[in-house]
Amino acid sequence: MKKENTISTMKMMNGNEAVARGAFEAGVKVASGFPGTPSTEVMDYTQQRYPDIYCEWSTNEKVGLEVAIGASFAGYRSLAVMKTVGLHVAADALGGAAGSQINGGLVLVVGDDVGRIAGDDYNDVRHYGNMFNIPVLEPSDSQEAKDLMIKAFEISEEYSTPVILKITSVICKTTSGVIIDENYTYEVKCRVKYPVSFSKVIMTTMMMNAKGSKHPKLVKCFNDFPAHIKRLASDCNDFDINKLELKGKKIGVITAGTPYFYTKEVLHDASILKLGLVMPLPEKLIRELAQHVEKLYVIEDGHDIMEKNIKDLGISVIGKELFPKFPEMMRFTPDIIEEKLVPDAPKRAVMEGIPFRLPVSCAGCSHLFISQILRKHKIKAASDVTCGLIGCFPHMEAYQLQKCMGSSIALAHGFNVATNHKENFVAMIGDGGFWATGINGLMNLIFNDSRSTTIIVDNSCLAMTGGQHVASSEFGFNYKPENKLEIAKVCEAIGVKDIVTVDAYEFENLEKAILNAVNANTNSVVIVQKPCVTKFKLPKGDAYSIDQDLCTQCRKCINIGCLAIESKKAKDGKVEIVINEDLCVGCGLCSTACKFDAIKS
Amino acid sequence: MQDTGKNIIIAGVGGQGILLFSNLLSKYYMKLGYELKISDVIGLGQRGGGVESHFRYSNKPVLSPFIKAGDVDYLLSFEQTETLRYLHCMKDDGVIFSSTFELSTSSVNTRLEKDMPESKTELIKSSGKKTFIIDPDENKSSDFDISKMMNIVMLAFYAELRGYSHDEMIQIVKESVPEKFIEGNIKAYEKGIVIARAQLA
C-alpha cells in the first residue's frame, strides 16, 4: 500500500531476509515451521526483525503447517516455513488444506536444495503443486522474493488455496538490493469469509452428487476448488509477474527463478517468458512465445516439471534431452547454458586431482565420542539425521543404517524384531530428531513389546541447521523454564525401563553406559549430554599435541574424524599426523584412541 | 577510465571470515553507488567445509548471481587447496590473491584419496595469471592472530592494489566488527598494507 510519507530506500538483503520482509509487509500474524537448510533464516529474520509477528519453531513440519492452517482459518495471514524434505513430513497436512476454504492467506515458504548444497537428495517442491493442484511461485532475486511473498497471500485469498513460495539454496544465500519503505507500518490483515473449512473429502462427496448433497447444510460448506484454480490459470496470463520479453526469433526460453538471470547473462538475443507463477502455467503466453520462435527451450532448476506440464498442453519444447538433470547436472549455471546453446563457446574445466572435502564434525563434538565407542566395540547402529550422520560417511564407518529425520528408533526396532533380537541393533538420535518424530518410534516399540537401546544425543539445540531451539532447550522464542520438556522424564513416562544420563566428555562412563545398555535385556535409553560446541561456544580446554617420536602413524586418532587432527606434509616432504591447535578444544577424545601414549595435553 | 564493474570470487574454508569479507567489500561498493549481487555457497560441514562467495558489482543491474567460468577478474582465497578449484574461472588478465594456508582435506587425512604430488603453491604460481601469494607463517604478528584475520589482511592488499582509500575501508571495518575485535582488525589491515606495498614495489 502506497502512502504519502513513503521513504523508499535500497537495502541489501539475502533471499531469506527478503521473504521475512515480505511477510511483514503482507501483514502476517503467525509464522510457524521447522528449521531446514536453506530456508531456516526466514524464521530467524522474521522473529528478530518483526516482533509483531508470532513466531514458533514447531516440533516438526507437520505440526508447523497445521498451526498455520489453524491460524489461517481464524482469519489471519499465516506462513509455514520448511525445506522440501520437511514438506514430505507435512504433506498430509497440505493435502488436507489444498482445495479447502481459506480465510486468512496461507503461504508455505519451502526451500529447495538446488545444487545439493546441504546434502539432500534432489527434491523439487513443485511436485506438490501438481499433486495437490495448488499454485507455486518462484522468485529470481531478493526483490522478487519480497514482492512474491505479498502476491502469494493475495492469490491465496482470492483463489481460496494454500500457495507455495518456492525458494532455493541460491535465492536464500544470494544478497541483492530490495527497495523498501522505511516508514512502512505493520498492519495485520484479517479476513473471515468462510464459517467452515473442510478437507476435500467433504467437497468431493458432494461433487459426486452423493445422497443429500443438495441439502442446504451441505451446500453451505461446499467449495468449488477446481473452478478457483481454473480461474487462476486463465487470469495468470495477465499477471505482471509472468513477463514475456519478445526479442529474437531463433531461440525462445521459458524459465523461472535464478535460471532466468543465467539465461539473460548468456543469451542476449533470446525471447524469454519469465514465470513468477510457475503453477498453473499461463498457456496463452506460452503459445505466443512458441509461435514467435524457431526453437523453444525450458530452462528450470530441479526436476523437469514445467517441461512436462508444457508438453501436456501439446506444446513442443526442448528440455532435459539437452540439459540432463541430476545427477548429470547439480544445478543450472550460466556456463551450462553457454556450452549447450552458444556456438564455439570456450570449454573450461576445473583442475584434476584436487582432493575433496568430506564433511567433518567440529572438534569436540559429542557425536565423535559416540561414533568412537560404537566403532571400538563393533556395535551395529542406525544413525538419525543429526550432525552425527557424518559418522555414516566412508571415512568414519560408525553406522550401518541411516534414513530420514526421526527414523532411527523405528529402524532399529524393525531390524531387531526381524532378527528375533539376536543382536541389539542400536539407535542413535539427536534431541531434535527425537522430538520431531523419533518419540513416536519409541512409543511404538514399547507398546509393541519390543526391546531396543536408544542413544539420545542431547546437545540442547538443532545443531545442524545452526542451533535452533527444541522442546528440551533452555532458550527459544517462546521459552519459559516451566515448559521445558525433559527427555528422561518423557522416556520414563513412555515406559522405558533403563534410563541413564551421561556427560559425553566422561569417556569411560559413557563407554560403560552404552555397553551396559546394549547388553541389558530390557528397553534402555542413554542420554548423552554436551551442549553443541559451535552453537554455545564452549570454553576451550588446553590443546592436545602429538609427540612425533612416539607416533607410529597408525592413524587411529585421525579415524575419529575430528576436524583438528590432520595429516600434513612437512616442508621436507615427510608426512606427520598433527593436531591443529587453533581448532583443538581439548576434549581429549584422541588421547583415548592412542595406544602409544603419543597424544598429550 | 571509469570502473564499470568487476567479478570477484572469495574462497576458503568455513570459519575464515569469507562472509565478513564480502560484507565489508559490499559496503565499500555500495557507497560508490554500484549495484551488487553476492552469492554464498556454503557446504554441509559447520566447520572446515569449502566456502565460496561470488561477488559482482556493476554500474548496470547484475544478472546472474554466479560468475561464469572465464569471467573472474579477482580471486581472493584464504586456503590454497580452495584456490586451485577456481584457477580455470579466471579471465586472461585476472588477478589471484592466495594464502599458503592449507587445511588438509578429510578424504586425504583418512586415505580415501591421495593428495596431489605437486606443491599447491607452485601450481598456483604457474597458472599464468598475475598472482600474489601471502604466507601467514612469514607474517605472524603478536598484535593480531593472522590465522583468524587473513580476510582483513587480504582486504587491505586488495584495496592497495585497486588504489582504494584505506581510511574509508578502515572506517567500514570499524563500523562492522564487534567493539572488542576492532583493534586487532585494524592491526591486521595495516599489516596487509605493508605486505601489499612490499609485493607491489
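**Note on salt bridges, cysteines and a surface patch**

1. The side chains of Arg77(A) and Glu157(A) form a salt bridge with an N to O distance of 2.9 Å, where a salt bridge is a side-chain nitrogen of Lys or Arg within 4 Å of a carboxyl oxygen of Asp or Glu. This pair links distant parts of the chain, 80 residues apart, with Arg77(A) in the loop between helix 3 (61–73) and strand 4 (78–83) and Glu157(A) in helix 6 (residues 142–158); helices (H or I, at least four residues) and strands (E, at least two) are DSSP runs, numbered from the N terminus. Arg77(A) counts as buried at 6% relative accessibility, and Glu157(A) is buried at 13%, with buried meaning under 20% relative accessible area, exposed over 50%, and partly exposed in between (1.4 Å probe, protein chains only).

2. This is a predicted model, in which local features need pLDDT of at least 70 and side-chain atom pairs count only at pLDDT 80 or more, whereas totals for chains, interfaces and linings use all residues. Residues are numbered from 1 along each chain as its sequence is written, chains are lettered from A and ligands numbered from 1 in the order in which they are written, and side-chain values use heavy atoms, with hydrogens and water left out.

3. Helix 6 of chain A also holds Glu144(A), whose partner Lys274(A) lies in strand 11 (residues 271–275), 130 residues apart from it.

4. Glu283(A) and Arg287(A) form a salt bridge at 2.9 Å, N to O, and, being 4 residues apart in helix 12 (residues 283–292) of chain A, they are separated by about one helical turn. Glu283(A) is partly exposed at 33% relative accessibility, as is Arg287(A) at 36%. Elsewhere, salt bridges that share partners join Asp112(A), Asp124(A), Arg126(A), Lys166(A) and Glu300(A) into one network, and the whole structure has 39 salt bridges over all chains.

5. The count of disulfides over all chains is 0, a disulfide being a pair of cysteine sulfur atoms within 2.5 Å. The sulfur of Cys55(A) is too far for a bond, because the closest cysteine sulfur, in Cys172(A), is 16 Å away; Cys55(A) is buried, at 4% relative accessible area. Cys587(A) is likewise in no disulfide, the nearest cysteine sulfur, that of Cys562(A), being 6.2 Å away, and Cys587(A) is partly exposed at 21%.
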